[in-house]
Amino acid sequence: MTQARARRPRAAASRLLALLAPLLTATALAAAAESPSGQQRAADAGRALIGTAAPPLVLTTIDGQRIDLGQLYGHKAVYLKFWATWCVPCREQMPHLEQTFRTEGADLEVIAINTGFNDTLADVRDYRQRLGLTMPIVLDDDGRLGAAFNLRVTPQHIVIGRDGRILYVGHLADAPLNEALRTARAAAPAGPAAASPAAAHAAAQPAATYYRVGDRLPELTVSTLDGSPFLLGAAGKPTVLAFLSPWCESYFADSRPHLAADCRGAREQVQARAGDGEVRWLGVASGLWASAEDLRSYREQYRVTIPLTLDESGRLFREFRVTTVPTLLLIDGRGHIVRRLTGAAAATPQGLRTLLAGAG
């Protein structure tokens with residue numbers, strides 16, 4: 001998220017912060033000077049991907065079109081762009097993506113992948129209509145694609161060469177991205193790179209999920225921000241998982257004030273009950289546009305006292321099928337999901353009372 005950027009050349013950082021100042025609080029601007037830049041986040045995400053065989057996933061667009069990536073490898077280059085309707089740099093880069101699709105489609109498959117994070121199908125369709133987008137759009141509502149390509153930031157560009165190997169991962173629509181697209185298109189067609197059996201199996205398998213009322217969690221242990229273990233399974237007493245994003249309240253303050261209000265309300269309601277010894281509390285922060293340092297800043301700024309964990313890979317968000325913050329989940333002492341509240345329902349005293357009514 002733009003409020004979470006940092007450590008880029010001084011001039012570029014100044015221009016970016018000036019552009020986004022209306023969207024950011026003074027505190028968020030201060031945090032922007034200390035957090036990794038979007039490009040650095042993308043580079044970190046791509047470090048383990050560059051040169052590896054891209055997963056042979058089958059995608060379905062919001063119009064029902066089926067795209068088999070495995071069938072494209074060896075024949076066409078592929079350009080995937082992860083984005084969100086609320087993301088300022090995504091909006092700025094959309095003309096570049098649309099132009100690339102219209103001019104390079106003969107030998108380059110261009111696909112826009114909405115992250116599905118605080119976005120609905122209706123949001124995506126409305127956005128497409130307003131901007132006049134024509135490229136295929138996929139909604140990653142189960143997080144499977146983000147997991148496969150190590151999503152850490154929006155936008156995140158993935159360029160796959162004709163041999164099926166990942167050639168480039170980045171954040172900016174700049175000269176290195178354009179060069180990667182040229183290189184991917186110019187390479188002679190070749191047989192696709194063989195994915196390892198483990199990678200092929202992982203790409204074909206759905207993620208484990210525990211999100212329905214009544215589902216029982218396995219014995220899951222996560223590490224909190226302070227390094228302590230936290231058991232999510234049968235802990236002997238009820239547990240509330242509060243899914244959040246450290247930038248929700250500040251970044252959405254002007255662009256989507258109702259979402260910022262929901263995040264603020266949920267945080268305040270949880271904090272008001274945090275001393276309740278009858279219930280265990282854990283804040284689960286999305287790793288999208290957030291680092292451990294960002295989460296520490298969030299904890300300090302809002303004086304959050306419940307334990308926090310950073311879901312850097314997005315595993316918990318995927319397994320609990322959380323696509324909207326705030327989301328609150330109540331788990332009983334035997335490890336069963338009892339109740340789930342999302343959005344505005346999680347941001348009121350009545351909502352929290354309703355949630356905790358199942359904790360007895």
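Five bridges tie strand β13 (residues 327-331) to strand β14 (residues 337-342), and the two run antiparallel. That pair is a handy way into this predicted model, since β13 and β14 both sit in an open sheet of five strands with the order β12-β11-β10-β13-β14. Another five-stranded open sheet has the order β5-β4-β3-β6-β7. The chain's mean pLDDT is 87, with 84% of residues at 70 or more.

**The sheet with β13 and β14**

- Pairing in the β12-β11-β10-β13-β14 sheet is mixed.
- Its edges are β12 (308-311) and β14, each of which pairs on one side only.
- From one strand to the next, the twist averages 20 degrees.
- Look across from leucine 329 and you'll find its bridge partner in β14, arginine 340.
- The β13-β14 hairpin has five residues between its strands, and glycine 335 there takes a positive phi near 90 degrees.

**Helices lying on that sheet**

- Helix α12 (residues 292-302) lies across β10 (239-244), β11 (280-286) and β12.
- Relative to β12, α12 runs at about 150 degrees.
- Helix α14 lies across β10, β11, β13 and β14, and its direction is about 165 degrees from that of β14.

**α14 against α11**

- Besides lying across those strands, α14 (residues 349-356) packs with helix α11 (residues 257-273) at about 55 degrees, the axes being 9 Å apart.
- With that angle, α11 and α14 are therefore oblique to each other.
- The crossing of these two helices is right-handed.
- On the α11 side, Gln269, Val270 and Arg273 make the contact; on the α14 side, Pro349, Leu352 and Leu356 do.
- Sorted by class, that's four nonpolar residues, one polar and one charged.

**α11 against α10**

- Helix α11 also meets helix α10 (residues 248-255): their axes come within 6 Å and cross at roughly 150 degrees.
- That angle makes α10 roughly antiparallel to α11.
- The handedness here is left: α10 passes α11 in a left-handed crossing.
- From α10, the contact takes in Cys248, Glu249, Phe252, Ala253, Asp254 and Ser255.
- Facing them from α11 are Pro257, Leu259, Ala260, Cys263, Arg264 and Arg267.
- The class tally for this contact is seven nonpolar, one polar and four charged residues.

**The sheet with β3 and β6**

- The β5-β4-β3-β6-β7 sheet is mixed in its pairing.
- Neighbouring strands are turned by 20 degrees against each other on average, ignoring direction.
- Inside the sheet, β3 (residues 77-83) and β6 (residues 156-160) pair in the antiparallel sense over five bridges.
- Valine 78 stands opposite isoleucine 160 in β6.
- Helix α3 (residues 38-46) lies across β6 and β7, and runs at about 150 degrees to β7.

**Where to be careful**

- Over residues 2-34, pLDDT stays under 50, although the model has 60 contacts beyond four places in sequence for that stretch.
- Residues 196-204 also stay under 50, with five contacts beyond four places in sequence.

How values were computed:
Residues are numbered from 1 along each chain as its sequence is written. This is a predicted model: local features need pLDDT of at least 70, side-chain atom pairs count only at pLDDT 80 or more; totals for chains, interfaces and linings use all residues. Side-chain values use heavy atoms; hydrogens and water are left out. Axes are lines fitted to C-alpha atoms, for helices over the stretch in contact, and angles run from 0 to 180 degrees between N-to-C directions. Helices (H or I, at least four residues) and strands (E, at least two) are DSSP runs, numbered from the N terminus. Angles under 35 degrees count as roughly parallel, over 145 as roughly antiparallel, 65 to 115 as roughly perpendicular and the rest as oblique. A crossing is left-handed if the near helix is turned anticlockwise from the far one by less than a right angle, and right-handed if clockwise. Contact means heavy atoms within 4.5 Å. Ala, Val, Leu, Ile, Met, Phe, Trp, Tyr, Cys and Pro count as nonpolar, Asp, Glu, Lys and Arg as charged, and the others, Gly among them, as polar. pLDDT is the predictor's confidence in each residue, from 0 to 100. Two strands pair if DSSP finds at least two bridges between them.
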